[in-house]
Amino acid sequence: GQSVDTAKTRIPQLGSDIEEAESKAVSLKEELKGAQADRSAAKQAMAEATAVRDKEHQAFVTESTELKTNIGAVDKAVTAISNGMAGSFVQTGAAQTLKKLALSSENMLDADRQDLVSFLSGGSGDAEEYTPQSGEITGILKTLADEMKKNLASTTEAEDSAVTTFDELMTAKKRRRLKLSQLKLPNLTVTLASSAKRSAISRAT
């Protein structure tokens, strides 16, 4: 009597529970798959961003080191000229660095380039060549130094900005991965197992 009626009542309910559990299991599997994909994507994005940042930093180090070396050479030249030591300066490595800079600089006037190279060569060459006055050379060197210092400041500012942007990106990605790894994935796994277990029990019952 009553047990039969109860069974008749429970059978449709059990069927409904099984369908609900199976539907939830499918949904959780998709969500779990999506979370794992998101975590992998975040990891890949971090690796790619790090590779780009490393390349940019190496370029900055190369450029800034060259600028600092050239600025140092100019400062040594100005000091040597001011102390009446121009003759001995042109024999130094700094003088050779300046000569390379003068020959490769795209912003220097040809007349200034010729004067600077002539000075750094000790005025050697054809009889028509001359050694420019020290004041004239000092002016050329200071203009050159000012341009390089501006370039160095601009390059350093760009590097600092890139570092800040990179750090912010890494922080955001790490938080995202942490959330996916420590919060979402374990919870979903447990819930998925629980749902599957309930579905199995329902089937057995």
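Visitor: How many salt bridges does a search of the whole structure find?

Guide: The search finds four salt bridges, the term being used for a side-chain nitrogen of Lys or Arg within 4 Å of a carboxyl oxygen of Asp or Glu. This is a predicted model, in which local features need pLDDT of at least 70 and side-chain atom pairs count only at pLDDT 80 or more, while totals for chains, interfaces and linings use all residues. Residues are numbered from 1 along each chain as its sequence is written, and side-chain values use heavy atoms, with hydrogens and water left out.

Visitor: What makes the meeting of D38 and R176 a salt bridge?

Guide: The N to O distance between the side chains of D38 and R176 is 3.1 Å, and the limit is 4 Å, so the pair qualifies.

Visitor: Why is D38 called partly exposed?

Guide: Buried means under 20% relative accessible area, exposed over 50%, and partly exposed in between, with a 1.4 Å probe and protein chains only. D38 has 32% relative accessibility, so it counts as partly exposed, and R176, at 34%, is partly exposed as well.

Visitor: How do you know whether D110 and R113 are buried or exposed?

Guide: At 53% relative accessibility D110 counts as exposed, whereas R113, at 16%, counts as buried. The side chains of D110 and R113 also meet in a salt bridge, at 3.5 Å from N to O, and, being three residues apart in helix α4, they are separated by about one helical turn.

Visitor: Why is α3 called roughly antiparallel to α4?

Guide: Helix α3 (residues 93-104) and α4 pack at an angle of about 160°, with their axes 9 Å apart; axes are lines fitted to C-alpha atoms, for helices over the stretch in contact, and angles run from 0 to 180 degrees between N-to-C directions. Angles under 35 degrees count as roughly parallel, over 145 as roughly antiparallel, 65 to 115 as roughly perpendicular and the rest as oblique, which means that α3 is roughly antiparallel to α4.

Visitor: Which residues of α3 and α4 meet?

Guide: A95, L98, K99, A102 and L103 in α3 meet R113, L116, V117 and L120 in α4, where contact means heavy atoms within 4.5 Å.

Terms used: Helices (H or I, at least four residues) and strands (E, at least two) are DSSP runs, numbered from the N terminus.
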